[in-house]
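Here are my notes on the model you sent. Please read them with the structure open.

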Amino acid sequence: MNVSKIAYKPVGLALGAVSGGIAGAAFKQAWKAVEGEGDAPDATDEDRPWKQILLAAAIQGVIFAVVKASVDRSGAVAIRRLTGTWPG
(Lines give C-alpha, C1' and ligand atoms only; values in the text may rest on other atoms or scores of the structure.)
Protein backbone atom coordinates (compact mmCIF):
# COMPACT_ATOMS: atom_id res chain seq x y z
CA MET A 1 0.00 0.00 0.00
CA ASN A 2 1.53 3.31 -1.02
CA VAL A 3 1.78 6.48 1.08
CA SER A 4 -1.07 8.26 -0.67
CA LYS A 5 -3.50 5.40 0.03
CA ILE A 6 -2.49 5.34 3.69
CA ALA A 7 -2.81 9.12 3.92
CA TYR A 8 -6.21 9.03 2.25
CA LYS A 9 -7.79 6.52 4.70
CA PRO A 10 -8.40 8.96 7.59
CA VAL A 11 -9.16 11.79 5.19
CA GLY A 12 -11.72 9.61 3.40
CA LEU A 13 -13.42 8.67 6.66
CA ALA A 14 -13.68 12.27 7.79
CA LEU A 15 -14.88 13.42 4.39
CA GLY A 16 -17.51 10.69 4.37
CA ALA A 17 -19.00 11.99 7.59
CA VAL A 18 -18.90 15.58 6.36
CA SER A 19 -20.45 14.67 3.01
CA GLY A 20 -23.35 12.90 4.74
CA GLY A 21 -24.16 16.06 6.67
CA ILE A 22 -23.87 18.25 3.60
CA ALA A 23 -26.04 15.91 1.53
CA GLY A 24 -28.67 15.67 4.27
CA ALA A 25 -28.95 19.44 4.53
CA ALA A 26 -29.07 19.82 0.74
CA PHE A 27 -31.80 17.20 0.50
CA LYS A 28 -33.94 18.95 3.11
CA GLN A 29 -33.70 22.20 1.16
CA ALA A 30 -34.42 20.47 -2.14
CA TRP A 31 -37.44 18.69 -0.69
CA LYS A 32 -38.84 21.95 0.64
CA ALA A 33 -38.43 23.48 -2.83
CA VAL A 34 -40.14 20.52 -4.55
CA GLU A 35 -43.00 19.76 -2.18
CA GLY A 36 -43.11 22.72 0.17
CA GLU A 37 -43.01 20.39 3.18
CA GLY A 38 -40.45 20.12 5.94
CA ASP A 39 -40.07 16.37 6.12
CA ALA A 40 -39.67 13.95 3.25
CA PRO A 41 -41.77 10.80 3.43
CA ASP A 42 -40.41 7.50 4.67
CA ALA A 43 -40.92 4.46 2.48
CA THR A 44 -43.25 3.01 5.13
CA ASP A 45 -45.32 6.18 5.54
CA GLU A 46 -48.84 4.85 4.95
CA ASP A 47 -50.37 8.28 4.39
CA ARG A 48 -48.09 9.29 1.51
CA PRO A 49 -48.66 8.24 -2.11
CA TRP A 50 -46.15 6.13 -4.05
CA LYS A 51 -45.33 9.05 -6.33
CA GLN A 52 -44.23 11.22 -3.43
CA ILE A 53 -42.17 8.46 -1.79
CA LEU A 54 -40.37 7.53 -5.01
CA LEU A 55 -39.74 11.17 -5.89
CA ALA A 56 -38.17 11.77 -2.48
CA ALA A 57 -36.00 8.65 -2.83
CA ALA A 58 -34.82 9.68 -6.30
CA ILE A 59 -33.94 13.22 -5.24
CA GLN A 60 -32.15 11.96 -2.15
CA GLY A 61 -30.17 9.40 -4.14
CA VAL A 62 -29.01 11.94 -6.70
CA ILE A 63 -27.99 14.48 -4.07
CA PHE A 64 -26.10 11.96 -1.94
CA ALA A 65 -24.28 10.51 -4.97
CA VAL A 66 -23.23 13.91 -6.31
CA VAL A 67 -22.08 15.20 -2.93
CA LYS A 68 -20.16 11.98 -2.18
CA ALA A 69 -18.43 12.00 -5.57
CA SER A 70 -17.54 15.69 -5.21
CA VAL A 71 -16.14 15.29 -1.72
CA ASP A 72 -14.24 12.07 -2.54
CA ARG A 73 -12.71 13.65 -5.63
CA SER A 74 -11.70 16.78 -3.70
CA GLY A 75 -10.07 14.63 -1.02
CA ALA A 76 -8.13 12.64 -3.61
CA VAL A 77 -6.92 15.85 -5.25
CA ALA A 78 -5.79 17.19 -1.86
CA ILE A 79 -3.88 13.97 -1.11
CA ARG A 80 -2.19 14.11 -4.52
CA ARG A 81 -1.10 17.66 -3.79
CA LEU A 82 0.33 16.58 -0.43
CA THR A 83 1.97 13.30 -1.46
CA GLY A 84 2.49 13.70 -5.20
CA THR A 85 0.58 10.51 -6.07
CA TRP A 86 -3.07 9.68 -6.64
CA PRO A 87 -4.61 7.63 -3.80
CA GLY A 88 -6.81 5.44 -6.03
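**Notes on the predicted model**

1. Helix H2 checks out on length. At 1.5 Å a residue, its 34 residues should span 50 Å, and the end C-alpha atoms are 49 Å apart, which agrees. Bear in mind that this is a predicted model.

2. Which residues of H2 are buried? They are Gln52, Ile53, Ala56, Ile59, Ile63, Val67, Val71, Gly75, Ala76, Val77 and Ile79. The buried residues of H2 pack against H1.

3. The largest nonpolar core has eight residues: Ala23, Phe27, Trp31, Ala56, Ile59, Ile63, Val67 and Val71. Helix H1 (3-35) and helix H2 (50-83) are the elements that give two or more residues to this core. H2 gives the most, with five residues.

4. Val67 is worth a look in the viewer. It belongs to the core and is buried in H2. Leaving aside residues up to four places away in sequence, Val67 touches Ser19, Ile22 and Ala23.

5. How many aromatic pairs does the structure hold? There is one. The ring centres of Phe27 and Trp31 are 6.4 Å apart and the planes sit at 35 degrees, so the pair counts as tilted. Both residues lie in helix H1, four residues apart, about one turn of the helix. Phe27 and Trp31 are both buried. An α-helix has 3.6 residues a turn, so residues three or four places apart point the same way.

6. A search of the whole structure gives two salt bridges. One joins the side chains of Lys68 and Asp72, at 2.6 Å from N to O. This pair lies within helix H2, four residues apart, about one turn of the helix. Lys68 is partly exposed at 46% relative accessibility. Asp72 is partly exposed too, with a relative accessible area of 23%.

7. The other salt bridge links the side chains of Arg48 and Asp45, at 3.6 Å from N to O. Arg48 has a relative accessible area of 22%, so it counts as partly exposed. Asp45 is partly exposed as well, at 26% relative accessibility.

8. Now the end of H2. Just after the helix, Gly84 takes a positive phi of about 90 degrees. Gly88 is in the segment after H2. Is Gly88 buried or exposed? It is exposed, with a relative accessible area of 75%. Gly88 and Ala76 are twelve residues apart in sequence, and their C-alpha atoms are 7.7 Å apart in space. Ala76 is among the buried residues of H2.

Definitions and conventions
Residues are numbered from 1 along each chain as its sequence is written. This is a predicted model: local features need pLDDT of at least 70, side-chain atom pairs count only at pLDDT 80 or more; totals for chains, interfaces and linings use all residues. Side-chain values use heavy atoms; hydrogens and water are left out. A nonpolar core is a set of buried Ala, Val, Leu, Ile, Met, Phe, Trp, Tyr and Cys residues joined through side-chain atoms within 4.5 Å. Buried means under 20% relative accessible area, exposed over 50%, partly exposed in between (1.4 Å probe, protein chains only). Contact means heavy atoms within 4.5 Å. The expected span of a helix is 1.5 Å times one less than its number of residues. Rings of Phe, Tyr and Trp (its six-membered ring) pair if their centres lie within 6.5 Å; planes under 30 degrees apart count as stacked, over 60 as edge-to-face and the rest as tilted. A salt bridge is a side-chain nitrogen of Lys or Arg within 4 Å of a carboxyl oxygen of Asp or Glu.
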